[in-house]
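Here's a quick tour of one structure, starting with its nonpolar packing and then moving on to a sheet. Have the viewer open as you read.

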Amino acid sequence: MDRALKRLERVLELEKQQGYQNKAVVGGIRQFAVFWVSQAREEATDEADLALAEQISQVLMDYGQLPGHQARAKAIESIMANLERRRGRQTGAENIAPGSHAARTPDPAPTRRPEAPPAADPPAPMKTVEAAVPSPPTEESATEGLDDEFIEEHEEEEPQASAEEVEPDTPQSPPDPDALARPVTSIKGVGQKIAEKLTRLGAETIWDLLYLFPRRYDDYTLLKPIKNIQYGEQVTVIGTIWQTKVRRTRNNQPIVESIINDGTGSVQATWFNQPWLAEQLPAGLQIVLSGKVEIFLGRHVFNSPEWEPLELEPLRTRRIVPVYPLTDGLAATRMREIMQRVVKEWASRVPDPLPVEIRKRRRLYSLGHAIQQLHFPDSHEAMHRARQRLAYDELFLLQLGMQRQRRDWQDHNGLPLTTAPEQFEAFTDALPFAMTGAQQRVVAEILADLSQSRPMNRLLQGDVGSGKTVVAAAAMVTAAWAGAQAALMAPTEILAEQHYRGLSQLLEPLGVRVALLTGSTPAAERQVVYEGLTDGSVQIVIGTHALIQPAVTFQRLGVAIIDEQHRFGVDQRAALRDKGPFVDGERISPHLLVMSATPIPRTLALSLYGDLDMSILDEMPPGRQEIKTRWLRASERERAYNFIRRQTTEGRQAFLIYPLVEESDTIDARAAVEEHDRLSREVFPDRRLGLVHGRLRSDEKDAAMRAFVNHETDMLVATSVIEVGVDVPNSTVIVIEGADRFGLAQLHQFRGRVGRGEYQSYCILIAEDVSAEAERRLEALEATNDGFILAERDLELRGPGEFFGRRQSGMPELRLASLLHDSDVLSMAQEDAVELFAADPNLELPEHHYLRKSVEEFWQQAADVS
């Protein structure tokens with residue numbers, strides 16, 4: 001790029017002659033820089049020239065803001081010095097003839113990626129905003145191209161082996177678990193203050209630090225000029241902030257907007273509800289941005305991208321740089337220094353629990369090498385293989401635990417429960433409708449389980465309105481007619497009461513006594529229920545958490561059913577299971593049926609419930625119509641109101657759902673109480689509006705629901721308390737305000753409150769400022785009514801941890817593995833776990849010593865999912 005540099009030198013010489021007044025070109029040096037850098041990039045012949053052009057352009061862009069002639073003079077001197085060093089490098093390269101000794105001698109200080117050294121030494125760094133620009137480096141340091149600290153750090157490193165050359169089962173150092181348990185203060189350079197900061201990140205020991213993996217990476221190997229970015233790409237760019245400002249939305253939410261320029265073009269980055277970023281992103285700061293390129297008003301933008309200040313060392317060496325979680329007082333560079341030291345010294349000492357034979361057969365990295373490569377990867381391939389090994393470990397330990405749970409459950413005894421076919425026909429004849437084929441199939445599976453002396457352990461899945469309650473009733477009536485008792489536990493009082501009303505109407509005419517037990521049951525009634533359960537006169541009880549209180553004892557509990565299982569912790573499920581009777585001094589487990597109205601993707605279900613048998617209701621009752629779903633912006637709310645007005649004029653009813661009970665100073669969302677008042681006065685003064693939310697007493701909620709069921713109100717304003725169970729056939733419209741604040745599965749549950757009668761039903765989603773992820777959720781809901789398809793999409797968007805939540809699922813936390821994206825790794829782990837468990841179920845062989853400890857630790861914080 002000699003022509004561009006000569007032009008630059010002429011302008012800088014003129015600027016010096018004019019006394020650094022920023023008048024050498026019309027419009028100032030900044031204006032010149034915008035045009036000059038484009039020419040320099042086109043003429044650049046290697047990475048070093050590109051980096052030099054970029055750095056010079058940044059100095060020129062900030063030239064007019066430098067205070068005083070002296071600072072400007074130093075800036076121009078630093079540019080001239082870099083141009084002179086470039087000439088020196090070119091002259092030196094020309095003097096080294098091909099095939100000479102100098103050309104063949106390797107660099108004595110290899111970088112981390114020796115297979116792809118830079119074509120030439122990059123230019124020395126230049127300050128861009130500070131008033132005092134440091135003196136240029138000495139000729140010797142410029143020739144080396146790397147600072148002393150970097151050379152010293154890498155002097156003793158040997159070139160890394162390629163991914164294929166790594167021997168997967170050869171540890172570099174003997175395992176030392178005791179040393180790994182030492183506090184982080186035993187690491188050189190980590191004192192008490194730094195240790196306190198690391199503790200806030202969850203790292204108290206060396207072991208913790210090794211497993212504190214990067215939250216992302218800045219990939220300096222594939223930087224992209226801003227002018228070349230394309231919509232939809234996940235990219236990393238480097239540039240200088242030209243401007244940062246804060247504006248507010250109509251709802252007074254702060255939005256921080258920065259314009260970043262790299263000499264080839266500009267792009268806007270936007271952050272929502274983070275006003276403090278305005279101070280952290282001043283004009284002139286050089287930053288690295290990573291995120292997805294989106295379009296706004298025809299221009300490329302980044303919405304909420306990851307960012308950090310630019311570091312020149314990784315830019316020059318073109319490495320993949322880890323970005324760690326941080327806390328106040330702990331800078332990114334300091335954190336990387338600590339992690340580099342820890343990984344280099346300790347990663348190879350981590351005990352590897354995976355049997356050597358499995359590692360060889362699956363071609364997996366050794367654990368130490370995987371940890372090292374996940375922190376400081378040599379390449380994308382090495383990073384992928386490192387993550388694969390660590391994901392395999394998690395899934396393998398998960399599956400070993402599942403195998404153990406299946407064995408433990410099969411060791412229990414249960415009560416065989418059967419009833420005569422003609423007696424069971426009396427139940428089916430009493431139903432107001434014929435069961436679907438799917439219901440008949442699942443009932444047959446359950447009755448077969450109940451007849452065994454091994455307790456049933458079954459998961460029943462079904463979409464909203466698929467008829468799970470009838471299947472549960474079949475199991476409970478079988479228990480009652482076989483001389484045992486049955487209990488159904490629901491997550492809310494409203495749902496428990498609805499189950500009670502429906503089941504008592506169905507079963508009491510058949511001679512089965514059904515009782516209700518919730519937290520709101522009056523003391524006198526509660527005592528009657530307690531006595532009936534103890535003496536066996538109450539055959540079926542429907543309730544909430546009140547069923548597992550110590551005061552509740554059953555004479556002969558034979559079947560336990562849990563509705564909306566993901567809302568219960570595993571301890572609560574175990575407490576209900578432990579209500580089984582004693583026979584000959586041994587606790588007999590009741591048959592357990594857990595029901596889920598949140599469809600679970602099959603791969604996830606097999607992983608989470610590998611020890612349960614599974615039944616799926618994949619057929620809807622006849623007459624169920626597809627619910628038409630539309631998503632509206634907040635500005636279109638009046639259209640929803642007009643539609644409700646037309647529907648209620650025709651005699652139909654409507655739900656209006658809100659994310660909050662009352663208005664909040666901290667959460668910008670509409671609230672049920674205030675909106676009920678506003679709608680009653682201003683929007684629907686001629687309609688009857690009810691209100692139900694979680695803070696009402698049980699009798700108040702019941703009264704509001706009963707009034708709506710009996711059509712004494714036209715509309716019901718509610719919060720998420722109506723998510724499950726409410727059955728109002730005349731309701732045809734549900735409007736969900738703040739729809740972007742709910743998960744996909746929860747929105748689908750809300751939608752299931754309508755469409756239960758003969759009329760066409762509608763679901764209207766209203767969202768305020770919608771994020772890209774929320775937009776994808778709302779579009780998915782518009783596209784399908786199939787809960788299983790939506791479950792796959794919800795899992796894809798949120799991951800299994802959020803899909804269930806660790807407490808509800810009883811599943812150990814998966815930090816690296818994805819049950820959605822690692823299905824191949826999951827299959828391997830399942831296969832290997834079954835094989836290993838069959839050979840050594842208690843992991844007693846000497847070579848399984850570390851594996852046994854790993855399984856225990858992995859499952860320590862999670863209870864039995866059954």
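## The main core

This is a predicted model, and its largest nonpolar core holds 43 residues. Inside that core, F427, M476, L507 and I561 have the most contacts. The largest share, 11 residues, comes from α19.

Which residues does F427 touch, once neighbours within four places in sequence are set aside? The list runs V470, A473, A474, V477, W481, L506, L507 and L510. In soluble globular proteins, nonpolar side chains tend to be buried together.

## A second core

There's also a second, separate core, this one with 38 residues. Among them are L198, A203, A347 and L816.

## The six-stranded sheet

Now for the sheet: 6 strands, open, in the order β18-β23-β22-β19-β21-β20, with parallel pairing. From one strand to the next, the twist averages 20 degrees.

For a closer look at one pair, take β22 (731–737) and β23 (762–767), which run parallel over 5 bridges. Here V733 sits opposite Y762 of β23. Helix α25 (672–683) packs on the sheet and touches β19 (653–657), β20 and β21 (715–718). The direction of α25 makes about 175 degrees with that of β20.

How values were computed. Residues numbered from 1 in each chain as written. Predicted model: local features only at pLDDT ≥ 70, side-chain atom pairs only at ≥ 80, totals over all residues. Heavy atoms only, no water. Pairing = 2+ DSSP bridges. Helix = DSSP H or I, 4+ residues; strand = E, 2+ residues; numbered from the N terminus. Axes fitted to C-alpha atoms, helices over the stretch in contact; angles between N-to-C directions. Contact = heavy atoms within 4.5 Å. Core = buried A, V, L, I, M, F, W, Y, C linked by side-chain atoms within 4.5 Å. Buried < 20%, exposed > 50% of the residue type's maximum accessible area, 1.4 Å probe, protein only.
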